Amino acid sequence: MKLCNNPLGYCIGLSLLCTAALAAPPDSNGSGNSSSSSDTGGSDPCAAIAGLSTASFTQAKACLDSFPFKKSVATQTIDTVRKVAQHLYVFNEVAASPPKVQGLSTVPVDIDYGLKVIDNENWSTDREFQEAIALLLDKVHDAHLSYVPFCYRQFVFWQPIQLNALVRNGKTIVNVAYVKDDIWPEAKSSWVGCQVTKIDDMDVLEMVTNYAVNNNGESKDVNTCFNNIMNTKSYFHGWDDGADDLGYHRFLPDQEIHSYTMQCPKNGTAASEAQYDAPFTVQVPWIAQVPKNFDDGKTYWENYCQSSHDNDLTLSKRAPLNVEELERMQHQDQFDIVLDDVSPTDKHAYVEFVTLNDSYVGIIDIRSFSIDSGDRQAFVDTFTSGLDKFKENGISKIIVDLSSNGGGDACAGEFIINTLLGTTEDYPSDFKHTDFLSRVVKRAFDVQDSKWMDYKSANYSGSDWFTNAATYARGKTQANFSQPITLSCDRWAADLNLPAPNTNGSSYPWKAKDMMILSDGRCGSTCAIVASRMHISHKVVTMASGGIPGNKMQFASFPGGESYRLSTFLLDLQRLGLQDDPDAPAPFPERADMGYTFREVYRPTAIGENQGKETQLLEYSVNYADCRIYFDDATADSVQNLWTAAARVFLSGQCPYVEDKTTR
């Protein structure tokens, strides 16, 4: 579980160089052109699997590694990532030297230093280089910060054995949740329910915990990372995010085969009786689900990798942006394979209201805050009508389930808080201040660009809240930020029929003491801010589910503040006429996008002498859950059973609000 101790904060010298050493040898033509080996008359590994539904790890790797490294592509890519980090990423400085906060798993990641290491490496293939960039940003453990090379995210890699973790007879075990015999016929349905004791000859819990700490960039809370890689069946819906779990990747895995040692319950016995047949070991390969829209290496490159933005950095004026290409990235319409089996529910089913049998407990299952603009009124109506029915049916307690909710629209979250608990003061937030971004904000206000009109300051008018910079300590350096601002949702709500705001509390009968938040920790971004505001400002109790027994667990992850994508920002720059600004990041020369946090949110105590302190940032502070529930044989496979178990604890008074959880 120990990470390498170097200025970058992780084993770049080992993990990246080992990746290079194990990769296929460079293309024999050595030209550096982004093309398949078929162009030289040799065999074409992409053509060999075109049209297949699945391929082996080796076949997929051969196709992905057939595109040679090109130094000019690397130079432009690194330049863009560096500019985004320096001018736009609000946590760039603190990530290089994060505060030591009990309960947070953070390592220092100096992005600029890491880019220099990557730039000096002699990469054999384009994939190795692209994955090195992605890995560097992943190590910050900020799920908003990501580099997505679409060229190398088209295959979907599956382990046919999918796992979950649960507590059985007082002991944490790893269980086979289900098998994917549709992609690997050798997988046996009889393995479902069997206990896994070792993976690759390592104790399974040690291996899984190790993986959660070192290979999962979704959260700074190890319990959340543990839940993320376990794919507990109750919540296996909603996140197709490149996946860092043990059973599903959009990137090429590190090895072809894993060995699983397992023991299955004796025939006629229940798993809880712990009577097992003799253990056995199975060699399980990674199976690649093959994208459909290519015939060979050339068409694979053209359809998934090639960008119209492969410009010469020496040019003083950039070529016009390809708006269609950027808009496809903006709407995340870049994946050939869409995993309906991972997210089987209607994408427009953002919230569900459920009444538990024989009780007066209602469940509000909020699956996402990513509300399509055309769905906003329907979302508002669904939410208010659901509460109205709860009221009519005499529901006395409400559990708000925010598990596996990756966030989305901040104003949708604002609506939910205000509807449930009455008008709630927003938390203070700010932006990183650079000369470049100052020019962007000033131009936006000059032309009344709508994006920047949504931020308000109590003490400044116009763009003065941004141009009057404040300086705060971040890690080992000083960094400039805007003045504190809050988000206004006036424009979001302008065309909606909303309930009248109530500054004296909600118009519904429930108080904060009648509510409980349930979360597996994978409540991120807007979801994390909503949960934090309900918990800190209104003292709504929180219950965490799953994780590693013995470790304190948070109820939310990567609150950050507000994230943005480079593709969207580039379209903003073109609209403002600033695409040729010397500090503006260029589009990536291959089809890729980058996400980053550009607005940071503080705790409500970040006022007076606490204003601007890095330990007041939601991203770098802890919010432990008030109580904990663990998955067992009944709840791991049934969210209804989980809700019932959580309600039992809530109703019994065993989940009291704890004022100061940092001392527990």
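In what order do the strands of the open sheet of 4 strands lie, and is their pairing parallel or antiparallel? The order is β1-β11-β3-β8, and the pairing is antiparallel; here strands (E, at least two residues) and helices (H or I, at least four) are DSSP runs numbered from the N terminus, and two strands are taken to pair if DSSP finds at least two bridges between them. The model is a predicted one, in which local features need pLDDT of at least 70 and side-chain atom pairs count only at pLDDT 80 or more, whereas totals for chains, interfaces and linings use all residues. Residues are numbered from 1 along each chain as its sequence is written, and side-chain values use heavy atoms, with hydrogens and water left out.

At the edges of this sheet lie β1 (54-56) and β8 (248-249), each of which pairs on one side only. Within the sheet, strand β3 (residues 156-158) is joined by 3 bridges to strand β11 (residues 287-289), the two running antiparallel, and W158 stands opposite I287 in β11. Helix α3 (residues 57-64) packs on the sheet, where it touches β1, β3 and β11, and its direction makes about 90° with that of β1; contact means heavy atoms within 4.5 Å, and axes are lines fitted to C-alpha atoms, for helices over the stretch in contact, with angles running from 0 to 180 degrees between N-to-C directions.

Helix α3 is also one of the partners of helix α10, whose buried residues pack against α2 (45-49), α3 and α7 (126-138). In α10 (residues 297-305), the buried residues are G297, T299, Y300, W301, Y304 and C305, where buried means under 20% relative accessible area, exposed over 50%, and partly exposed in between (1.4 Å probe, protein chains only). At the start of α10, a side-chain oxygen of D296 comes to within 3.3 Å of the backbone nitrogen of K298. In helix α7 lies E131, which counts as buried because its relative accessibility is 15%; residues up to four places away in sequence aside, E131 touches Y152, R153, F251 and L252.

The contact is made by K71, I78, V81, R82, A85 and Q86 of α4 and by I111, D112, L115, K116, I118 and D119 of α6. Helix α13 (residues 410-421) and helix α18 (residues 526-538), by comparison, pack at an angle of about 25° with their axes 9 Å apart, and are therefore roughly parallel to each other. In this pair, A410, G413, E414, I417, L420 and L421 in α13 meet T526, V530, R533, M534 and H538 in α18.

A further open sheet, of 6 strands, has the order β12-β13-β14-β20-β21-β24 with mixed pairing, and its edge strands, β12 (351-355) and β24 (627-629), each pair on one side only. Neighbouring strands of this sheet are turned against each other by 25° on average, direction ignored. Strand β12 is joined by 5 bridges to strand β13 (residues 361-366), with which it runs antiparallel, and E352 stands opposite D365 in β13. Helix α12 (residues 376-392) packs on this sheet, touching β12, β13 and β14 (397-401), and its direction makes about 10° with that of β12.

Definitions and conventions
A polar contact is a pair of N or O atoms within 3.5 Å; within protein, one must be able to donate a hydrogen and the other to accept it, and residues adjacent in sequence count only if both atoms are side-chain atoms. Angles under 35 degrees count as roughly parallel, over 145 as roughly antiparallel, 65 to 115 as roughly perpendicular and the rest as oblique.
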